[in-house]
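I'm opening my notebook on a new structure.

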Amino acid sequence: MARLREQGAVFLGKTTTPEFGWKGVTDSPLCGVTRNPWNCAKTAGGPSSGAAVAAALGMGPLHIGSDGGGSIRIPAAFCGIFGLKPTFGRVPAYPPSTFGTISHMGPMTRTVADAALMLTVMSQPDPRAWLALPHDAVDYRVGLDEGVAGLRIAYSLTLGYVKVDPEVAAAVRNAAETFAALGARVEEVDPCLPDPIEIFNRHWFVPSAYVVSQMAPARRELLDPGFRAIAEQGLHYSALDTVQASVERGHYAVAMGLFLDQYDLLITPTLPLPAFDAGQLVADPATQPRWTDWTPFTYPFNLTQQPAASVPVGLTCAGLPIGLQIVAAKYQDARLLRAARALENHRPFATVARLADGG
């Protein structure tokens, strides 16, 4: 915010999130339910859903989101906007997140060009941000329209283990074909890595336990019961469990890094399903205990710290947005933006406001 304000940004307000950004949808006793602008009966995702809804409705061009497991990309996909989780440390953050090195800050916008401008400003240095990358003075607008010709793109519809809604699968497959038509070398291939959900849980639940431990008992009773539940689970992990999770995370990140050493980009669905009913934590309460059960494509890339973005690639028959996730190797944020811009140039993103205007 400080860097944006220095460059003349005018802040309109703070947008909604769930308590401590703990879940993939947004509701709270304070703000109620944040609903999808395409269909108010559906969820907008979360936790940065207030920003996504505001962007989709044209309430300001630039929005700041945080992403500790998909918090930028989930609502971006459900609301039909562009959302970028940059390489970890690309955007200096202060104070540092309790959730440590899985939490990223990034732009949420209606166009890729706006995100490139925003990232250029947000990545300016801040001496308080001890986890930040060295400042490289990159202007992410430069080369944005160079296209994807010659790039090697891996295309994975399931990551090897995810069940995907047919309409989402068709839209992502079409995007892969578009990249090929634009000159990229697209290969359908899975990284052949297991679901890192248990690694992620230990990185998420233990900091949640710390957050709650800092509150007076009376204040804890006011918390979202779901957040209290994962915090209580976090208390049961030992120091050895936490170190083991860190080691396993390192092995997983190295393997994904080696995979993206063979390709310039990886594309997947952002989410395996379109937006479900508002007010629910999960799409199917009978089979999905937690929000991570329906976000299997997002949290792996918080563990790896690689840049990942959600790009709108169409609508379902019911008129709900579908997101494509583009992932690049660490530090290749500019390449990711270039690919997203190529899709946008080929087919401009549909927006609520544009449809309302008949565009």
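I started with the largest cavity, whose volume is about 50 Å³. A cavity is a set of points on a 1 Å grid over the protein atoms alone where a 1.4 Å probe fits but cannot get out, and lining residues have an atom within 4 Å of a point. Volume here is the space filled by probe spheres set on the points, which are joined across faces, edges and corners.

This is a predicted model, with pLDDT of at least 70 needed for local features and 80 or more for side-chain atom pairs, while totals for chains, interfaces and linings use all residues. Residues are numbered from 1 along each chain as its sequence is written, and side-chain values use heavy atoms, leaving out hydrogens and water.

I then listed the lining of the largest cavity: Ala 77, Phe 78, Val 168, Thr 270, Leu 271, Leu 273, Pro 274, Pro 321, Ile 322 and Gly 323. The largest share, three residues, comes from β12, numbered from the N terminus like every DSSP strand (E, at least two residues).

Next I checked cysteines, and found zero disulfides (pairs of cysteine sulfur atoms within 2.5 Å). For Cys 79, the nearest cysteine sulfur is that of Cys 40, 11 Å away. Cys 79 is buried at 0% relative accessible area, where buried means under 20% and exposed over 50%, with partly exposed in between (1.4 Å probe, protein chains only). Cys 317 is in no disulfide either, and the nearest cysteine sulfur, that of Cys 79, is 20 Å away. I noted Cys 317 as exposed, at 79% relative accessibility.

Technical notes
On a 1 Å grid over the protein atoms alone, a cavity is a set of points where a 1.4 Å probe fits but cannot get out, and a pocket is an open set with protein on both sides within 12 Å along at least five of seven lines; lining residues have an atom within 4 Å of a point. Helices (H or I, at least four residues) and strands (E, at least two) are DSSP runs, numbered from the N terminus.
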